[in-house]
Amino acid sequence: MAAAAVRARSLVVGGGIAGVTCAEQLSLQFPDDVIYLLTAAPLVKAVTNVRQVSRALEEFDVEEQTSAALQSQFPNIRVVHSALKELKADQQVVVTEDGTCYQYDQLCVCTGARPRLIVEGNPYVLGIRDTDSARTFQQHLTRARRVMVVGNGGIALELVYEMEGCEVIWAIKDKSIGNTFFDAGAAEFLIPQLKSEKPPTSLTCKRMKYTTEGGSGQQDGGIGSALGPDWHEGIDLKAAQEILRSVHIEAECEVHRILLHQEFKGLKISALSVPGSEKDGATSDPADWPVYAELTNGRIYGCDIIISATGVVPNVEPFIGGNNFDLGEDGGLCVDDHMRTSVKNVYAAGDVCTAGWPPSPHWQQMRLWTQARQMGCYAAKCMTAERQGETVQMDFCFELFTHVTKFFNYKVILLGKYNAQGLGADHELLLRCTPGREYVKVVLHGGRMMGAVLIGDTDLEETFENLILNGMDLSAYGEDLLDPNIDIEDYFD
Ligand code: FAD
């Protein structure tokens, strides 16, 4: 161990929501300690204005702050702006890029995740992760005639809806759009929004809000925190052309290969034009493009830029070399029900970790803003309990999966096993859909409500949350559950 190691009883790595929440909680628990927060980016994320919508659903604002602002609010937090380079777990020491060593009693790893790119090192293939990458994309977009979006999760959904002034080709590996969050029915409900003009102002919608102070970005090329809800607000996603929204979906395919302009020309093959509304587009495209994507369905499209939105990869690299971490199937640091990794005195929270405990029947891990906060907070509680020789109960938030967001300008609430995840074939679905207004889906298993998708202003979230949590047998109610003429809140009062 280096002689000059800084002694840090509690050390948190990562200035995103998970790391900052963890450091804040530790700071409150141990007011006489210095809590070290190492982070690669100059700004940190802070949760403000937490509002409890129901027992399990909460909304909050997120602000990007300077470390000075965080330290003035929590005077015993010391933010160190230097990336962690190496963990020597056998010595309980970390080494930062500037060569400083920190010896910890307890370490919490909150280094987040980065986009999984369909191909690395291609200047025309971008991933969106932080303020910097969102701005790089915006610069490309100002000159773009056509953009290909690859992926079917939340980022792809938001991007496709928000982009204007260019043709968009959306390549998804599933049968229907938004598969991470929706089923085919919900996708059908949303698709008309892609074909209509975007309303000039947003519909009123309760949701988490992402704000930045002073229009900041990462000035020094560090690894920034992941963006979050409303990340595209304040970023103009308008391309150069005066054309109406034009989105073409290529379903059940992936990108087979990407060709730069010269490679494409050398192969003497042809690309397709984007199918128009009136005719299928099996016509070849005479335009020149800087990059071409060949899809696994054999179609080739040229475009100006390709956005790779195909999920994330946990940032575990500086930790795993020489240390004996168990990794989850998705490459995250596997944690138990006390947020402990397999390495002694090392905890992990947020996007970097994989929940390794047997989950409650209504919860699943998803790399989302809310879970980063919940895990950061719970990790701090577990670290505190361990230090004080106490026991801690698992937080209630891990009982029920909840997510509030907005897609295609609709308020969207997801509860529990909203897509019947892991329920097998014997589940039932109840649906209520008013085109253009609301889409409600309830997932039942053995007569009990296991999950729900609420799109639009349904006001059903609190009642459904209770029905899921209390496990009541609803078999007798049948379709009355979704009868719009029955006040369901009164019904179950
Ligand atoms: P991060 O926020 O990624 O923070 C990681 C921190 O670790 C950063 O401060 C980074 O600088 C630091 N770091 C990394 N490596 C090192 C190192 N070696 N040494 C020191 N520090 C390091 N979630 C939602 O709930 N709703 C949404 O609508 C939504 N939209 C999104 C849109 C986009 C474009 C993206 C990219 C993500 C979105 N998410 C959304 C996901 C959400 O942003 C993340 O789940 C959440 O921010 C994860 O928080 P975290 O603290 O675990 O990690």
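The entries below go from the whole chain down to single residues.

**Ground rules.** I'm working from a predicted model, where local features need pLDDT of at least 70, side-chain atom pairs count only at pLDDT 80 or more, and totals for chains, interfaces and linings use all residues. Residues are numbered from 1 along each chain as its sequence is written, and side-chain values use heavy atoms, with hydrogens and water left out.

**Whole chain.** I get 10 helices and 27 strands for the protein chain; these are DSSP runs numbered from the N terminus, helices being H or I with at least four residues and strands E with at least two. Of its 493 residues, 55% count as buried, where buried means under 20% relative accessible area with a 1.4 Å probe, protein chains only. The chain exposes about 21,100 Å², and carbon and sulfur atoms supply 48% of that (Shrake-Rupley method, 1.4 Å probe). I also checked contacts, meaning heavy atoms within 4.5 Å. Among those with a separation of 6 or more, 65% are between residues 24 or more positions apart.

**Cores.** Which residues touch the most other members of the largest nonpolar core? They are Trp-170, Phe-182, Met-339, Phe-408 and Ile-455, in a core of 102 residues. A core here is a set of buried Ala, Val, Leu, Ile, Met, Phe, Trp, Tyr and Cys residues joined through side-chain atoms within 4.5 Å. Helix α8 (residues 369-388) gives the largest share of this core, 8 residues. I noted a second, separate core of 22 residues, which includes Met-449, Ala-452, Leu-467 and Phe-492. Back to Phe-182: beyond its neighbours within four places in sequence, its contacts include Leu-157, Phe-407, Val-453 and Ile-455.

**Strand β27.** I find 7 of the 8 residues of β27 (residues 448-455) buried, so this strand is largely enclosed by the rest of the structure. I see antiparallel pairing with β24 (residues 410-416) over 5 bridges, and with β26 (residues 438-445) over 7 bridges; strands pair if DSSP finds at least two bridges between them.

**Helix α9.** Thr-463 lies in α9 (residues 461-470). Is Thr-463 buried or exposed? Buried, because its relative accessibility is 7%. Not counting residues up to four places away in sequence, Thr-463 touches Ile-488, Glu-489 and Phe-492. The buried residues of α9 also include Phe-464, Leu-467 and Ile-468, and their cover includes β24, β26, β27 and α10 (488-491). Just after α9, Gly-471 takes a positive phi of about 60 degrees.

**Parallel sheet.** I traced an open sheet of 5 strands in the order β10-β18-β11-β12-β14, with parallel pairing. Its edge strands, β10 (125-126) and β14 (246-250), each pair on one side only. β12 (residues 167-171) pairs with β14 over 5 bridges in the parallel sense, with Ala-171 opposite Glu-250.

Definitions and conventions:
Buried means under 20% relative accessible area, exposed over 50%, partly exposed in between (1.4 Å probe, protein chains only).
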